[in-house]
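Please look at the model shown here before reading on.

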Amino acid sequence: METKRPDAIVTDLDGTLLGPDKQVGERDAAAIRRLTRLGIPVVPGTGRPIFGIGPLMEELGLELALCSNGGSCYDFGRRELVFAQTIPEGTLRRLVDWMLEKGVRCMLHTPFGIYCSQGVKPFAHYILEEGQVGAITPGMSLAGVEVLKVLIFDCDENEMIRELRAVFPEEELAICSSGIRLVDINPPGVGKGDGVRRLAECKGWRTENILAMGDNYNDRTMLETVGMGVVPGNGEAEIRPLAKYVTTPNGENPLSAAIDHFFPGLLEGI
């Protein structure tokens, strides 16, 4: 009997595929290599920017990635953007001014660069040249600045979301938390679910035959979009009920355990 197989697998990185040590488990890495040989795409679906996952993509031999919570898709094999959606300039102007007035610690992610508020440095896993890092300053020009996502950190995420929502309705910005003390801001309507749908349309994948795995609030729309939503055991309590299967925690090869559940025999021998 022919083993069933998914059209694609989409997985969050931090808190999901990556363990607490920020490494991919040995069996999960072997599973990804097996899936690649079988022609089954494995696509990171992450809040990280494009320049925050390059070494990992190379290590795992992957090509496509959904970045910035689905706001962009980059083909690392062809080195080209598949699609990108940015925050409208007028809304961005108001948001930047609001953040400066509040004095929040934040970053603006563009396809190939970053802007940081005072005292903020890029994360260690961001691979950037000196000219790709700019400063968020009062009155800065935003003409032509293509911002995919804004990250606010070191904050009470729930209170920050309430304050933002009082000024920016859903029609203007998509706002969610991606972790403790973190708030993600994207263009209106953008989320990981939207990114998965757009990529599935491009590639001819059936969303009902996509397995997607994520642990946090920014994974909600992705889990709701696909036919096989998976949450690792460490996932947020409010997110776990969205899962068709709760797999092992991150750091304990959650991806291969989920594949074993939905597609018995697909990973036989590893």
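A charge is said to sit over a ring if NZ of Lys or CZ of Arg is within 6 Å of the ring centre and within 35 degrees of the ring normal. R198 is such a case: it lies over the face of F83, at 4.2 Å from the ring centre.

This is a predicted model, in which local features need pLDDT of at least 70 and side-chain atom pairs count only at pLDDT 80 or more, while totals for chains, interfaces and linings use all residues. Residues are numbered from 1 along each chain as its sequence is written, and side-chain values use heavy atoms, with hydrogens and water left out.

**Aromatic pairs**

A pair of aromatic rings is described by the distance of the centres and the angle of the planes. Rings of Phe, Tyr and Trp (its six-membered ring) pair if their centres lie within 6.5 Å; planes under 30 degrees apart count as stacked, over 60 as edge-to-face and the rest as tilted. The structure has six aromatic pairs. In one of them, F51 and Y126 have ring centres 5.3 Å apart and planes at 85 degrees, so this pair is edge-to-face. F51 sits in the loop between β2 (42–44) and α2 (54–60), and Y126 in the loop between β7 (113–116) and β8 (133–135), 75 residues apart. Helices (H or I, at least four residues) and strands (E, at least two) are DSSP runs, numbered from the N terminus.

Buried means under 20% relative accessible area, exposed over 50%, and partly exposed in between (1.4 Å probe, protein chains only). F51 is buried at 8%, and Y126 is buried at 8%. Y245 and F262 also form an edge-to-face pair, with 6.1 Å from centre to centre and 80 degrees between the planes. Y245 belongs to strand β14 (residues 245–247) and F262 to helix α7 (residues 254–262), 17 residues apart. Y245 is partly exposed, at 23%. Ring pairs also link F51, F123, Y126 and F153 into a cluster.

**Pockets**

On a 1 Å grid over the protein atoms alone, a pocket is an open set of points where a 1.4 Å probe fits, with protein on both sides within 12 Å along at least five of seven lines; lining residues have an atom within 4 Å of a point. Grid points are joined across faces, edges and corners, and a volume is the space filled by probe spheres set on the points. Ala, Val, Leu, Ile, Met, Phe, Trp, Tyr, Cys and Pro count as nonpolar, Asp, Glu, Lys and Arg as charged, and the others, Gly among them, as polar.

| Pocket | Volume | Lining by class |
|---|---|---|
| Largest | about 610 Å³ | eight nonpolar, 10 polar, nine charged residues |

Of the 27 residues lining the largest pocket, I175, C176, S177, Y217 and N218 lie nearest its centre. Strand β10 gives the largest share of that lining, five residues. The second largest pocket is lined by 26 residues, with D14, K22, R48, S178 and L182 nearest its centre.

**Helix α5 and backbone angles**

Buried residues of α5 include K192, G193 and D194. Just after α5, G204 takes a positive phi of about 75 degrees.

Most residues other than glycine have a negative phi. N69 has a positive phi near 60 degrees; N69 is in the loop between β3 (64–67) and β4 (72–75) and is buried, at 1%. N253 has a positive phi near 55 degrees; N253 is in the loop between β14 and α7 and is partly exposed, at 22%.
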